[in-house]
Amino acid sequence: MTRTQGKRSAVEPQGENILTVDNLDVEYPLKGFRRKPFRALTDINIHIKPGETLGLVGESGSGKTTLGRAILGLAPISKGTVVFEGNDITQADRKQRRSLGRDLQVVFQDPYTSLNPSLEIGDILAEPLGVQGQSPEAARKRVRELLDQVGLPSDAINRLPREFSGGQRQRIAIARALALSPKLIVCDEPVSALDLSTQAVVLDLFLQIQKDTGVSYLFVSHDLDVVRHISHRVAVMYHGEIVEQGTAEQITRDPQHPYTQRLLLASPVPDPDRQAKRRDERHALLEVQRLEEASTLPVS
Amino acid sequence: MSEIEVLADQSDVGQKGTVVRSHVIKKILKNPMGLIAVGILTLVVLLAILANVLAPFDPNFANIGKTLANPDSTNLLGTDSVGRDVWSRLVFGARTTLLSALLCAAVAVGIGLPAGLIAGYYAGKFDGVANWVVNILMALPGIIVLLTVRAAFGPSVWISMVAFGILLSPGYFRLTRTAVQSVRNELYVDAARVAGLSDASIIARHIFSVVRAPIIIQTAIVCGVAISIQSGLEFLGLGDPTVATWGVMLSEGFKNVYLNPTLLLWPALAIGLTIGALVLLGNAVRDALEDAEKIKPAKRGSVAALNSRTAPGRTQNEAVAAGTEHHLVKVSHLGVGYPQADGSVKKVVDDVSFHVDRGEVLGIVGESGSGKSQTAFSILGLLPEAARIVGGSIQFDGKYTVAPTDDSVSQSRLSEFRGKRISYIPQEPMSNLDPAFTIGHQLVTPMVRVLKISKSEAKKRALKLLDDVGIRFPEKTFNAYPHEVSGGMAQRVLIAGAISCEPDLIIADEPTTALDVTVQADVLDLIRDLQKSLNVGVILVTHNFGVVADLCDRVAVMQDGRMVEEGDVREILRNPQDPYTQKLLGSMLEGKEPMTMLVSAGASAGGADNEKEAGL
Amino acid sequence: MVTFILRKLAAGVVVLAAISFLTYFLLYFSSANIARNILGEFASQEQVAAKEIELGLDQALLPRFFAWAGHALTGDLGTSWFTSEPVARALMTRLPVTLTVVIVSIIFIAIIATALGMAAAVKRGWIDKAVQSAAVIGDAIPSFVMAIILVTVFAIQLKLFPATSSISPDSGSAAWIASLALPVLAIVINGVTSAAQQIRSAVIKQLEKDYVRTLRSRGISEREILFKHVLRSAAPAGLTVLSLQFIGMLGGVVIIEQIFALPGMGALAVQSTTMGDIPLVMGVVLYTVVIVIIVNLLVDLINGWLNPKVRVS
């Protein structure tokens, strides 16, 4: 549809990418006899290089979260491939996942439900280490390092999640993702549940960790400002498809797809006069798009 | 063996769960009802274990020469109609009763728990079949089945109890299945899957801990039901006549009720006390667990328990606070607090003053826990019941809705305004419509009540309103149920409801937070247009400075219950004076250089200071 | 709507068939000495064998079951092996007594529990505490023990009510009502408090919903919110409790009927199962299950009417 959409990743050299997703479809079976499955994602193509952040932006129900989950093996893939570090992990079983867990990790949106409320922080952080067969002592030591890395006191080990604020919990979730020094972290709306000032602190932490460890992020968010701030490249999702992909600069300065254009002008800016101007631009854009739609409608 | 031991067992399961669990046990014992329950059950257990020692006679030993005797030194509680010792039978009856209750519970748990775990975790075919079986089992009246089982297998307490255990297993099945289903899709279970944990470890580590407590509670109840049914069967004379049980004793007593009613007393008391203790224990466990959970929302709603001694607000806007001039709504030195268990009052709003006039939009900005919503709800008189006004006053159009000496919002004075001159736009569109009524009904009723117009006229107005808020097919939406429309549409419906009675003041609590950005922009446009055309005053509660810039004439910034700054929107956004406002605006991403640090200079640990250390 | 009812009815028929077979299967094991029991100790071996053939006891499980089921489908439930009374007639004379006790009880429970539960949820305070404490007592004392206590106190000691009753429904209404008072009271005391507690928590859950706050903000009166919106949304939870209690009562009433010597299904159930009167046992089970299925269907229908989401699907 537009210049960057589609098979771009297939043309580029594969060796460089840490993650390559090709022609991916995700379908959820629906209850009921012989009902057609619900297609959540259609023909997704993305790739991520080492040390790179790909931002994924879209509205609720656009499929952005599903894409992250499909890569993690938490959503049913019906077509296409997911290649991670040269290995096809499209249908990886639990055993493969276990070894994958070392290099591929996740931070979820809601810091209140992503930590088991009845486990102490030390145990939560040690869980991925234990799965990889580390001894309890080694795990303990690593847990201390991790808490230090995300800026939490080491006495947090013996506390329960409910003793921490939202931002602190999100750091714990980040520490868990970092435990095995992964190469790619899927971040599913990791700052949307946080207050503005906490969001800034946690975004800083993400950037700092990337600088220190060279980890790659697939950063999913509904907030274009957040995605623009943290991503090298941005993919825009709409109704289960990627409608536009490019550098953060390209997407935010010169959006091609009508949805991206609307999205860009929809987010209000914190100044009344500039916002009034943006509002007028948005109304003008909507008017133009309405006319275009009206003129293309009879043809299609 | 009683519930206490079951509890103690549970505490050792997860190595790290111990800390919490022991709290629960402590709480149960601190609760007088829990203590009584544990005491009675311990006693009954001791009786059952030491029956051989405590009973002077064999339960079936009959002294024909001494029937229906009154209590004396040999027969502590007297004898029954064939001269058997009542005390001995009571003590041995405790053993049979407890063992049968435990057998029944064990069978029920043994079937229901694993089946529930599997059905809940894997769903699919097993779930379907299991549910079908459960529906059949639940459709069976217990005693009729037990009578049939007895006809088939003879009068054995144990077979009846196994059968009854099977009949009660659906309770455990449903409980476990529901609990597992609610946890199965929790993010921490997903995180464990990503880490590569096997299903067995996930169930043992993350899922079993969730069902543990409800299972204990259910077991207390099931044991009670089992004792009641078992006694009932024995009472009917359907039990094994050679075994002494409380039910047989009841039946024996009932036959001789004209001769010696005390024969009834002891077994009835034993049954009542034991089941009562089980019920109390179940309640105590539930209360103890609910207590533990209550901490969570308190922390979540967040932050900084101000106590009543805190200094008055830093910034005083004199023009607002001191003036006697007339405003549409005027809030002066408002304080809202929640009484705590220890007698202190936790203030969530402290010395807040502002005013709004017709045709004016005031934004109240702040982070979670800043008290912005509590302030708005005080004006609406919709604070939670526990809330108290601890200071200040609120006037609407010159009349006090909170007078300076009031400790709560005057509902009677407010009812003349609320829904008529003051209206409300909530945050979550879906949960704010009653799912059981059509959208039309929910728009029409308030108009009929408030404006005293006829239903047909109200319907006409509702359709016009739906059209006004930009809904394309008003008639269709009017007849729809809330679950049939999208979130953005539901929010338009709520806005239509808010303007339906032509209010002077609209209080909008985060009206666009739950919406997608593009929908948010549309709804903001709608609110702006309506505000202009109706010339209403608006109080807009939000955390988003972009929304403030889009709609507001003036803005008040709140932090930890206090107002730190208030003024013209351009003034505050362009030239904030208060350090907190500066920090908030500094956290905005708009206009920042991408990939640069926002607050910290680079040290990863530096961020810790910027965050509220709630709960630590 | 029609398809909904038909689907539920079809499911009910399947359940009925499954339970019938299961019961028949269980009873199959008990039928060893039936013929001897019927004829008495002095019957000859040949007479017993002849009786076994007459009753079909010589046949295997499946043919026997299908023979019974075939007759049952035509409405013929056979005759009692011991009294030779047609099963259907035996049941039809007993059923009204049992149903009267159970239905009257459940109506009382529904009304009182709703009133108490709502009062406790809205007013909190002492009413709430009283309901909660009463619930413990209600749960602690099984209905038959409560019945025994009531008989002992009100009938035997105070002589306010008849202790036992062999009065049939058609013999003078005053005496009939008097004889029902204590059994119903025993069941109601046992059931009402736990139902009230469930309704209380359902009402509290609804009162905390966002939409209640929005209704208040629209100027709707507390009374209208409570009776129109909250009660309606809390009703499914209450109905579920009541239907489970109803099913439980069908069993529990067996003991109650024994205590008060009421001529209901209870005595029939006890006699037929102790003696191994298979046609009668099957009749009792069949009738009970049909009642349960009807009750569950009614609850489903009411819930569908109350909740538009269920109605659509």
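1. Two strands are said to pair if DSSP finds at least two bridges between them. Helices (H or I, at least four residues) and strands (E, at least two) are DSSP runs, numbered from the N terminus. The model discussed here is predicted: local features need pLDDT of at least 70, side-chain atom pairs count only at pLDDT 80 or more, and totals for chains, interfaces and linings use all residues. Residues are numbered from 1 along each chain as its sequence is written, while chains are lettered from A and ligands numbered from 1 in the order in which they are written.

2. In chain B, strand S5 (residues 388-396) and strand S6 (residues 399-402) pair in the antiparallel sense over three bridges. Phe396(B) has Lys399(B), in S6(B), as its bridge partner. The two strands make a hairpin with two residues between them. In that turn, Asp397(B) has a positive phi of about 50°.

3. Chain C has 13 helices and zero strands. Its C-alpha trace spans about 85 × 55 × 35 Å along the principal axes. Of its 313 residues, 42% count as buried; a residue is buried if 20 or more other C-beta atoms lie within 10 Å of its own, exposed if 12 or fewer, and partly exposed in between, with C-beta atoms placed from the backbone. Two residues are in contact if their C-beta atoms, placed from the backbone, lie within 7 Å. Among the contacts in chain C with a separation of 6 or more, 74% join residues 24 or more positions apart.

4. One helix of chain C may be described individually. Helix H4 (residues 61-73) of chain C has 13 residues and reaches 18 Å from its first C-alpha to its last. This is close to the 18 Å expected at 1.5 Å a residue, the expected span being 1.5 Å times one less than the number of residues. Gly75(C), which follows H4(C), has a positive phi, near 90°.

5. Chains B and C meet through 55 residues of chain B and 57 residues of chain C. Helix H7 (142-153) of chain B gives the largest share of the chain B side, nine residues. By class, that side has 34 nonpolar, 15 polar and six charged residues. Here Ala, Val, Leu, Ile, Met, Phe, Trp, Tyr, Cys and Pro count as nonpolar, Asp, Glu, Lys and Arg as charged, and the others, Gly among them, as polar.

6. An unreviewed UniProt entry annotates "transmembrane region" in chain B, including residues 98-122 and 264-285; such annotations may be inferred rather than shown by experiment. In the model, residues 98-122 of chain B are 100% helix, with end C-alpha atoms 35 Å apart. Residues 264-285 of chain B are also 100% helix, and there the end C-alpha atoms are 32 Å apart.

7. The largest nonpolar core has 355 residues. Such a core is a set of buried Ala, Val, Leu, Ile, Met, Phe, Trp, Tyr and Cys residues joined through C-beta atoms within 7 Å. Leu218(A), Cys104(B) and Ala147(C) are among the members that touch the most others.

8. Not counting residues up to four places away in sequence, Leu218(A) touches Ile48(A), Leu54(A) and Gly68(A), among others. Gly68(A) is found in helix H2 (residues 64-71) of chain A. Because Gly68(A) has 21 C-beta neighbours inside 10 Å, Gly68(A) counts as buried. Under the same exclusion of residues up to four places away, Gly68(A) touches Val186(A), Asp188(A), Leu218(A) and Val220(A).
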